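Please keep the structure in view while reading.

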Amino acid sequence: MSIEEYVFLSGKGGSGKTTVCAAWADLNRPIGSGAGTVMVDADVDAANLAIVGEVRKTEEHPFTGSALPVLIGEACSGCGLCEEVCRFDAVRMREDGQGRGPIPDIDPFLCEGCGACMEACPCGALEMEPQRVGTWFRSESRFGPLFGAELLPGAENSGKLVARIRQEARRWARDGGYRLLLTDGPPGIGCPVISALSGAAGIIAVAEAGETGRSDLRRLLTLAHRFELPVQLIINKADIHPGAAAAIESMGRGEGVDLLGRIPYDPAVVHRMVEGVPVTSDAASPAAAALRSIHGRWSEGRSPLYRVATPS
Amino acid sequence: MRVAVASGKGGTGKTTVAAALVHAIGSGSGRGGTEGTPLMLDCDVEAPDAHIYLQPVLDESRAVSIPIPSVDEVRCDLCGRCAEVCRFGALAVLASGIKTFPALCHGCGSCARVCPRGAITEVRRKIGVIETGAAPPGVRFARGMLDVGEPMAVPVIRELLREIDGIGADAPVVLDAPPGTSCPAMAVLRGADYALLVAEPTPFGLHDLRLMTEAVREMGLPAGVVLNREGIGDGEVERFCRQTGLKVLLRIPYQREIAEGLARGILLTAVVPGLEAAFLGLWQRIQQEQMADVH
């Protein structure tokens, strides 16, 4: 049984990916005996999908990323070759404070863990020490299992960590008979985004109706094209700049992108966020109504197992 | 004086604030102020947007490239030392020869250095571009753009930050950082004397501000906050700032008209002209804060 994964991306930050992804989790109640959805919060720099609510961590695991060079013993001769070979300005020779001559000082924010300094050191004074750069966890939430992670500030390997939680989520889905994975993606189009979309069934692009949203969506669509992934489009805060919304719709059409619908700007989104519930639990919210109708349209295009149950 | 405008969360208003700030400095400078020609660096190389608000004329560009290994098959004896030292899996030894994976290569040069046969030379692989020019009123402008499909933003950011080389320490530089707290944002903060954190008063905003605060504290970078879209959420961000000693230097209220103006690509201080003086005041305040921190 294959697992389908949809990744929520936007290019631009703050477009509403997490809000929409949480709504999807709420609306994706399976019919009959099928298992529900597994959620992945792939924005490991700034993980916010816990907005779905009632999140209880059930497992936590340290994540080891790239290594940092450390000085071992007294072998350093102060030659400075390490500083010379480092291409990332991460090594600076400084006085060791005990009158024994200069030693290398490593900047953990700039170091890329390549080990060139260690390889170049004629005295064997440097060793590469793997660093714990974050934590990944599995939680239970109001809508089912949620895999997430937090990267320590300044850490490398956000792409690797994203790959890890997706891998764990897929394993869980396979073992539990889940057929659908929803991944809340990071902003941008670089390494963590690329890591989030490989192997996905499709991208749900959430575009903010404005000039910056439009500009960033264009880059995201180019990326999706590179990776040959189908894209379905939602235009958020569509009434703030209807002209941009129309331009985005037209851009999408030109790229063969399916427009799922538009969501109006709605202060209820933040009010529900403050209360810790997804906006779809709010019967009066215009954004929630739009999300329900958009999700309905999306479900119709998919397997009958995931058609949304009519709310009673 | 280099100010990085950053936030953990995307969409809080970094580019909005950075553009308004550099524009105000440029305007003040033009009217006989003492600030000097400001430089704007759009460091969000994955999704740059500052040009939308500042409308620069970009008249120069140069490629950003990473040095990647090229293996001379005649000299190579398949000893595999290169693949052994590579920590990114960018080289693999196959029976038919060494296979390289350029997208994984960080350009550290270790493979070329350790090859006992001198069989590896480095060739440049383009991953992005730096574009420079000027924007009214007298703002120098530079941005980096990562080629779509390339994973690594940091080398483009590093190259972009070189635009600061040779500028006096007092010259105003505004760095529009990418969202997040991982290596791209940190690479930008590393180039700064001060971090201006843009936060929104919501639970997402608070969560991400905490992470960012931790990061700048670890870096020993002085920081202040701009509270954007005040009124949409609750008072928890403000409370967090009070508790941690982070000063809120400017507050921008949520107003639909502002949102509509920004969505149309209009500079914040053009949507609300009264804010220009506030941004000039913000710049002066930041200079005071940064000097106080140094002492």
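A polar contact is a pair of N or O atoms within 3.5 Å; within protein, one atom must be able to donate a hydrogen and the other to accept it, and residues adjacent in sequence count only if both atoms are side-chain atoms. Between chain A and chain B, 19 residue pairs are in polar contact, both residues being at pLDDT 80 or more. The model is predicted: local features need pLDDT of at least 70, side-chain atom pairs count only at pLDDT 80 or more, and totals for chains, interfaces and linings use all residues. Residues are numbered from 1 along each chain as its sequence is written, chains are lettered from A and ligands numbered from 1 in the order in which they are written, and side-chain values use heavy atoms, with hydrogens and water left out.

**Interface of chain A and chain B**

- Chain A contributes 57 residues to the contact and chain B contributes 60 residues, where contact means heavy atoms within 4.5 Å.
- About 5,000 Å² is buried between chain A and chain B, and carbon and sulfur atoms give 57% of this area; buried area is the accessible area (1.4 Å probe) that two parts lose on being put together, summed over both.
- R87(A), F109(A) and R219(A) supply 14% of the area that chain A buries against chain B, more than any other three residues.
- There are 5 salt bridges across the interface of chain A and chain B, each being a side-chain nitrogen of Lys or Arg within 4 Å of a carboxyl oxygen of Asp or Glu.
- A salt bridge joins R81(B) to E119(A), with the closest N and O atoms 3.5 Å apart.

**Aromatic pairs**

- Rings of Phe, Tyr and Trp (its six-membered ring) pair if their centres lie within 6.5 Å; planes under 30 degrees apart count as stacked, over 60 as edge-to-face and the rest as tilted.
- The count is 6 aromatic pairs over all chains.
- W136(A) and F147(A) form a stacked pair, 6.5 Å centre to centre with 25 degrees between the planes.
- Both W136(A) and F147(A) are buried; buried means under 20% relative accessible area, exposed over 50% and partly exposed in between (1.4 Å probe, protein chains only).
- Y265(A) and Y254(B) are also stacked, at 5.4 Å centre to centre and 15 degrees between the planes.
- Y265(A) is partly exposed at 21% relative accessible area, and Y254(B) is partly exposed at 23%.
- Y6(A), F8(A), W24(A) and W298(A) are linked into a cluster by ring pairs.
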